[in-house]
Each structure stands twice: as C-alpha cells, then as structure tokens.
Amino acid sequence: MEDIRNVRLAPLKDSNYLKPFRFLYTQNGTPKSWDLLGVHDSVGIIIYNITRKVLVLVKQFRPAVYYSSVHPDNRKDTIDTDKYPGSLGTTLELCAGIVDKNKSLLEIAREEALEECGYDIPADKMEEIATCRSGVGEQSALFTVFFCEVTDDMKTGAGGGIENELIEIVEKTIPEMEEMMNSPGPLASPPGFLYAIMWFLHHKAGKYKN
Ligand SMILES: O=c1ccn([C@@H]2O[C@H](COP(=O)(O)OP(=O)(O)O[C@H]3O[C@H](CO)[C@@H](O)[C@H](O)[C@H]3O)[C@@H](O)[C@H]2O)c(=O)[nH]1
Ligand SMILES: [Mg+2]
C-alpha cells in the first residue's frame, strides 16, 4: 500500500468527484463571492467487534494527505518519492464511503462495511448516530455516522475494498484508542473520525470494558 511511485501533478479539467465553482451573493448589501467545491456526501461506520473487543478501522493511502505533507517548495510537476515515501499519506479512518449511488445512507453504509471490512451487517443492527459537515470553508458536504456491533460470525468476506482499492483493516482495542486520542498528534485521521471515536468512547466504551 505504501509503495507509491511516479507521483506527478496535472491540471484538473473535469472530475467525477470535485466540481469547483464560484458562489456570488450580497450580505447586508455588500457584494461578495466565495470559491466552492461540489463534492459527494459520505457515510462512515463505527464498527465494534464484540467477539474480540476491538474497533474495526481502515488504513489507506490518501493522496491529499500525502500531497499536504510535501513541502510547498517541492510540490513540482513530479515529486521525489525517495524523499517523500508513501507512508506519509496513510491514514487511520472509519470504514467510509461516498454517497454516489441512488441508495439510502443505510444501504451505502452496509455496502461499505462489506466491501472494506468484510462484515455483512443486517440493516437493523445499524444505529444512525449523527450527521455533521465534513468541511465548512470550501465544500460543506454531509458526513453521516453509523454505529454497529459485530461478531466474528458476521465476517463473510476478506474486505480490503473493491476494484483496485487497497484498504487494510486495522483492529484497535479501547485502551489503544484512548491512548491515540490523548496523544498530541498530528493524527493521521480526519475530524469526522475523531468525533466518531470520541462519541464511541463517551457513549459505548464503558459497557464493553468488563
Ligand atoms: O479523485 C478520485 C476520488 C475517488 N476515487 C475513487 O472513489 C472511491 C471512493 O471511495 P469511498 O470508499 O466511496 O470513499 P472514501 O474515499 O472512503 O471517502 C469518504 O470517507 C471519508 C471519511 O473517512 C471522507 O473524508 C470522504 O469525504 C468520503 O468521501 C475510491 O475507490 C477511489 O478509487 C478516485 O478514483 N479518484
Ligand atoms: Mg472508503
């Protein structure tokens, strides 16, 4: 996963994932504008395996995280991967996916849990816990978080993602997550993940500790 090579930057002409545009308005009579990015909403799932008492998370290479770890002076047409190895771009996240199909959030969450983590989770085991904005400066897409308990019996596939996604399943105990949340960082995780883990530690972790 971390063997990243041949990194090049190119202009973006059109994209299935990002739509940049300018938003024009007046506020209290003053003309203003703001540059925005249209992106898909997304769902994330806090998966807790009660058989082995671990949170089931995913590790993956995120190009945006890699790019932002490259010093601005070195963000050229090509990036030296000996100086900047792929490990700079790996994150720890919830199992998550974009809402790019005409299906309910719950259905998409179930599909992602199966594709990325290999768990076949019945719809009635999924608890929708919160929706927040994944960014407010430039895109403000909705991120909806589900929680579910799973058992080893519900693991019907290997996970790892579909097509050429390279997703590694990472299992963490509650003490390991508490330690991570107490570390100064920078954490290689997005704010929605950090919110979800704090929610889990606050509302759920107590009953699993014994
Ligand atoms: O420029 C792009 C963008 C996406 N993809 C593909 O699109 C898929 C997206 O994967 P999916 O699992 O549906 O979404 P995530 O990448 O997990 O991202 C979601 O989950 C994250 C939460 O961890 C949020 O931060 C993101 O906004 C949200 O899109 C991947 O397979 C990619 O192969 C591309 O090929 N090119
Ligand atoms: Mg995903």
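A residue is termed buried when its relative accessible area is under 20%, exposed when over 50% and partly exposed in between (1.4 Å probe, protein chains only). The model is predicted, with local features requiring pLDDT of at least 70 and side-chain atom pairs counted only at pLDDT 80 or more, whereas totals for chains, interfaces and linings use all residues. Residues are numbered from 1 along each chain as its sequence is written, ligands are numbered from 1 in the order in which they are written, and side-chain values use heavy atoms, with hydrogens and water left out.

By these criteria glutamate 93, at 7% relative accessibility, counts as buried. This residue belongs to strand β5 (residues 90–93); strands (E, at least two residues) and helices (H or I, at least four) are DSSP runs numbered from the N terminus. Beyond neighbours within four places in sequence, glutamate 93 is in contact with Leu57, Val58, Gln60, Arg62, Pro190 and Phe193, contact being defined as heavy atoms within 4.5 Å. The side chains of glutamate 93 and arginine 62 also form a polar contact at 2.7 Å (N or O atoms within 3.5 Å; within protein, one able to donate a hydrogen and the other to accept it, with residues adjacent in sequence counting only if both atoms are side-chain atoms).

The magnesium ion (ligand 2) is coordinated by Ala96 (O) and Glu116 (OE) at 2.1 to 2.2 Å. Because alanine 96 lies in strand β6 and glutamate 116 in helix α2, the pair ties together parts 20 residues apart in sequence. Alanine 96 is partly exposed at 22% relative accessibility, whereas glutamate 116 is buried at 3%.

Note on methods: Donors = N, O, S within 2.8 Å, 3.2 Å for Na, K, Ca; no water.
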